[in-house]
Amino acid sequence: MNTTATSIEGLPPGPRLPVALQTLAMVTRQRPFLERARRRYGTMFTVKVPGLGKTVVVSDPELIKQAFRAAPSVLHAGTGSPLRVILGSNSLLGIDEDQHMQQRKLLLPPFKGQRLKRYESLIAEIAAQEIDGWPDEVEFETTQSMQRITLRAILQAVFGAEGAQLHSLEELVPAWMALATRLVLAPWLQRNLGSRSPWAKFGALRIRIDAILDELIAAAKADPELEERPDMLALMVQARHEDGSPMSNPEIRDQLLTMLVAGHETTANSLSWTVERLRRHPEVLRRLVEEAAAGGKALREATIREVQRTRPVILFAGRMAREPFELGGFSLPVGTRLLLAACLTHYDPELFPHPERFDPDRFFDKLPETYEWIPFGGGIRRCIGATFAHMEMDVVLRVLLERVELLSTEAPDEPWAIRGIVLAAGQGGRAAVRRRVPARDLTPQPA
Ligand code: HEM
């Protein structure tokens, strides 16, 4: 890597293929294409994809650190994000600088460690209910099942939804999210082309969802026991801006939907990848079952981290230069898009020996390095739900290990597939299970 004192004006070199071929490779063979470029050009190279603008892919931990630590006025993550149009102008994912810091401060308290413990038994119950419905000794795809678990977990733990409102949201949200994904990927559809157009349907669904969210906010405001409530909506209703004013309904609604979009499919796909990995690693699976029976969790936590290393469901954290930005010996011009690439960094043999090997022992009783293991991004934009997601994956995996025997397979690894904005197991994270009789105890384990 060129790190001379005098920076080179412009972008680092990168693949010289015609733009059309680079675009095709980024869509259909993204990982091999990027791996090849890294071998050829090193840990910082430029790719050319129409619609993305000047794009530099970065995979060196030191450079990633510099990007994550850059001043929020120099590198933006929200402005220009396609999610802003979809999630509303208050969404944490679509704002920057002071506005971002203010909203992030308001939203952080519910995500702090001890608070999250309160959600463990709720999530265990949701997971048990879903897993008890799995067929016996028949192969099936787990992704949708995991999506039902993570959707319900967010609607109950974050939104505080119950009863009829929970059921209505469970019906409306998947349809809204499917349209949202389509619209993010096809921005030219983001206009009203008649009442049956995706944009019009999306708007109509959002109105119905907003009406339910307004009901939930009104009920929280009227709840005499608001302070005792564990859900995050209750905390948002009590939060105050620096000037003492409460969060407005549009602010709360945009942030709730942001949590949903950011936290639902990401966690679900990480869980279906966990099933996919464990069926192909029977020895790890055997140790995990023994550990769960003995009330431990160190290997389980390490396993979750290794799944996220080897199958990072969000391949890149994105940043956009608003001022010229010095990185790796280059002075990157305004408007450069940086893709901080978990999918490359996690496979660097100098950081993770034999990177293709699925080996949870790498992280046994040992936390990963902040800028080498980046499935949740980093810096002031690091995933606000990372601890929640880790807890949720831990609880769901424990319940799974306790209630069913996951049957191993010799089938080849499932291929990487980009579904919407996440990396999914290409065959849906197929499982085959045998029920354990009787199912083991579900009480949360001590930390
Ligand atoms: C395995 C599960 C998850 C993965 C892999 C994941 C990954 C990420 C990544 C890569 C980012 C961008 C970070 C950056 O730009 O540096 C992010 C941001 C974010 N995530 Fe997650 N996430 C997960 C679960 C969740 C959950 C459960 C929630 C909420 C309940 C959540 C809420 C958010 C929010 C609100 C942001 C924007 C943060 C900001 O801009 O300040 N995520 N996530």
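Q: How many salt bridges does the structure hold, and what makes a pair count as one?
A: This predicted model holds 32 salt bridges. A pair counts because a side-chain nitrogen of Lys or Arg lies within 4 Å of a carboxyl oxygen of Asp or Glu.

Q: Why is the contact between arginine 31 and glutamate 356 called a salt bridge?
A: Their side chains meet at 3.2 Å, N to O, and the cut-off is 4 Å, so the pair qualifies. Arginine 31 sits in helix α2 (residues 30-41) and glutamate 356 in the loop between α15 (342-345) and α16 (386-403), so the bridge ties together parts that are 325 residues apart in sequence.

Q: What makes lysine 105 and glutamate 242 a salt bridge, and which parts of the chain does the pair link?
A: The closest N and O atoms are 3.1 Å apart, which is set against a limit of 4 Å. Lysine 105 belongs to helix α5 (residues 97-107), while glutamate 242 is in the loop between α11 (232-238) and α12; the two are 137 residues apart. Both residues are exposed.

Q: How do you know that aspartate 214 and arginine 253 pair up, and where do they lie?
A: Their closest N and O atoms are 2.9 Å apart, and the salt-bridge criterion is within 4 Å. Aspartate 214 is in helix α10 (residues 198-222) and arginine 253 in helix α12, so the pair ties together parts that are 39 residues apart in sequence. Both also belong to a salt-bridge network with Arg206, Asp210 and Asp254.

Q: Are aspartate 214 and arginine 253 buried, partly exposed or exposed, and why?
A: Buried means under 20% and exposed over 50%. Arginine 253 has a relative accessible area of 14%, so arginine 253 is buried. Aspartate 214, at 27%, falls in between, so aspartate 214 is partly exposed.

Q: What makes arginine 436 buried or exposed?
A: Arginine 436, in the segment after β14 (433-435), has 18% relative accessibility. The limit for buried is under 20%, so arginine 436 counts as buried. Among the residues it touches are Val289, Leu401 and Glu402.

Definitions and conventions
Residues are numbered from 1 along each chain as its sequence is written. This is a predicted model: local features need pLDDT of at least 70, side-chain atom pairs count only at pLDDT 80 or more; totals for chains, interfaces and linings use all residues. Side-chain values use heavy atoms; hydrogens and water are left out. Helices (H or I, at least four residues) and strands (E, at least two) are DSSP runs, numbered from the N terminus. Buried means under 20% relative accessible area, exposed over 50%, partly exposed in between (1.4 Å probe, protein chains only). Contact means heavy atoms within 4.5 Å. Lists of a residue's contacts leave out its neighbours within four places in sequence.
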